[in-house]
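Hello,

Here is the structure you asked about. Please open it first, then read the notes below.

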Amino acid sequence: MTVTTRDDTPVTEVPRSSGTRLVERVLRMRELAVLAVFLVMIAVTQAGNSEFLSEQGVKDLLLNATILVLVATGQSLVVLTRNVDLSVGSTLGISAFAAGTWLHGGGSAAVAVLLAVLLGTGAGLLNGLLVSLGQVPALVVTLGTLYIVRGVDSLWVGSRQITAADLPDGFVDFGSGGISAVPWPALVALAVLVATGYCLKHFGGGRELYALGSSPEAARLAGIPVRRRILTAYTVCGALAGLAGAMYLARFGNVDSGTGTGYELTVVSAVVVGGVAFTGGSGSVYGAALGALLLTSVNSVLPALGVSSVWVLAINGVLLLLAIAADRIVALRVAAALKKKPAPRRTAMAKEKPGA
């Protein structure tokens, strides 16, 4: 007679392959890589122009990045879900003019900012409804709303223009003032960035955006409300584009029907350069903010080095291609690491013992 017994000896966890550990390390270092490129660029520029990092120079760098950081933060939420919002430039423009019109009529600054945010929220909500509930491809939806919002903006604004003379002095001062070299709009962008990053990391809804971007079908089977999460991402993106419109008005004090034209491409570039994978599920808002800071700093670095600004678009394009290439290399390394990962040992073994 034979007796089969179960071996309850705990099984040691199979160590991860060196390829997997390397890929995870690379993914964690994406933001640091962008930061390193930015710091090297600033150091080289400072070496060639000692006045570049003066108090006013630092303030200009931060002011130039503020608007793009706000919009890139919202855009990164949408991209994490494997979608995109091409209407953010138009939303920024019409929100800025709405806030300027309210202020020109004697309204308060707080209500003007709230009006811009609400207008952006409405635009984002429309995009989210069409993409999530209507199941229309995001590229088609947001390209359509880009032209719709821009057309409405052109009809409403016409040849009119809001200038700094039409705005309250306090509002204009807010756009250029601050604490030493740190302007007020940059502090607003920083607060939004930190709050968004905290929600993505510590709240279930934020973590579900990553799960949704990694595998929409798996997220659906896991019980994640996919449509609701996509709707939320678009709504927040629109709200931040509206807030960016109000900050744009405070920063430049000048808005017309062409404000924000072409801005959506710069935003997408900042997000991708910052390490947010365009295929969704990977990246962070901090990386997107660093990408925005890097791209906007190029506009200041080139003139400081005596290089023509016509190279700005070419350099942005090179950075975008390098970021896409990096994403592809990481994806290939992940696939290779998963193939090399050893199979786990069985948790039970049968033993035979002789019996009488």
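A residue counts as buried here when its relative accessible area is under 20%. By that cut-off, 44% of the 356 residues in the chain are buried. Please keep in mind that this is a predicted model.

Overall make-up first. The chain has 14 helices and 4 strands. Its accessible surface is about 18,000 Å². Carbon and sulfur atoms account for 66% of that surface. Take the contacts between residues at least 6 apart in sequence: 79% of them link residues at least 24 apart.

Next, the salt bridges. The structure has 3.

Arg150 pairs with Asp153, at 3.5 Å from N to O. Both sit in helix α6 (residues 138-157). They are 3 residues apart, which means about one helical turn separates them.

Glu208 pairs with Arg229, and their closest N and O atoms are 2.6 Å apart. Glu208 belongs to helix α9 (residues 204-214) and Arg229 to helix α11 (residues 226-252), so this bridge ties together parts 21 residues apart in sequence. Arg229 counts as buried, at 16% relative accessibility.

Glu217 pairs with Arg220, at 3.0 Å from N to O. This pair lies within helix α10 (residues 216-221). Again the spacing is 3 residues, or about one helical turn. Glu217 is partly exposed at 46% relative accessibility. Arg220 is partly exposed as well, at 45%.

Now the helix packing. Two packed helices are described by the angle and the distance between their axes. How do α4 and α12 lie relative to each other? The axes of helix α4 (residues 88-104) and helix α12 (residues 263-273) come within 7 Å and cross at roughly 125 degrees. Angles from 65 to 115 degrees count as roughly perpendicular and those over 145 as roughly antiparallel. α4 and α12 are therefore oblique to each other. On the α4 side, Val88, Gly89, Ser90 and Leu92 make the contacts. They meet Tyr263, Glu264 and Val267 of α12.

Last, the surface. Which residues form the nonpolar patch? They are Ile179, Val182, Trp184, Leu187, Leu190, Val194 and Tyr286. Together they have about 570 Å² of accessible area. Helix α8 (residues 184-202) gives the most to the patch, with 4 residues. Trp184 is in α8. Its relative accessible area is 33%, so Trp184 is partly exposed.

Best wishes

Notes:
Residues numbered from 1 in each chain as written. Predicted model: local features only at pLDDT ≥ 70, side-chain atom pairs only at ≥ 80, totals over all residues. Heavy atoms only, no water. Patch = residues over 30% accessible without salt bridge, like charges linked within 9 Å, V, L, I, M, F, W, Y side chains within 5 Å. Areas by Shrake-Rupley, 256 points an atom, 1.4 Å probe, with all protein chains shown as cover. Salt bridge = Lys/Arg side-chain N within 4 Å of Asp/Glu carboxyl O. Helix = DSSP H or I, 4+ residues; strand = E, 2+ residues; numbered from the N terminus. Buried < 20%, exposed > 50% of the residue type's maximum accessible area, 1.4 Å probe, protein only. Axes fitted to C-alpha atoms, helices over the stretch in contact; angles between N-to-C directions. Parallel < 35°, antiparallel > 145°, perpendicular 65-115°, else oblique. Contact = heavy atoms within 4.5 Å.
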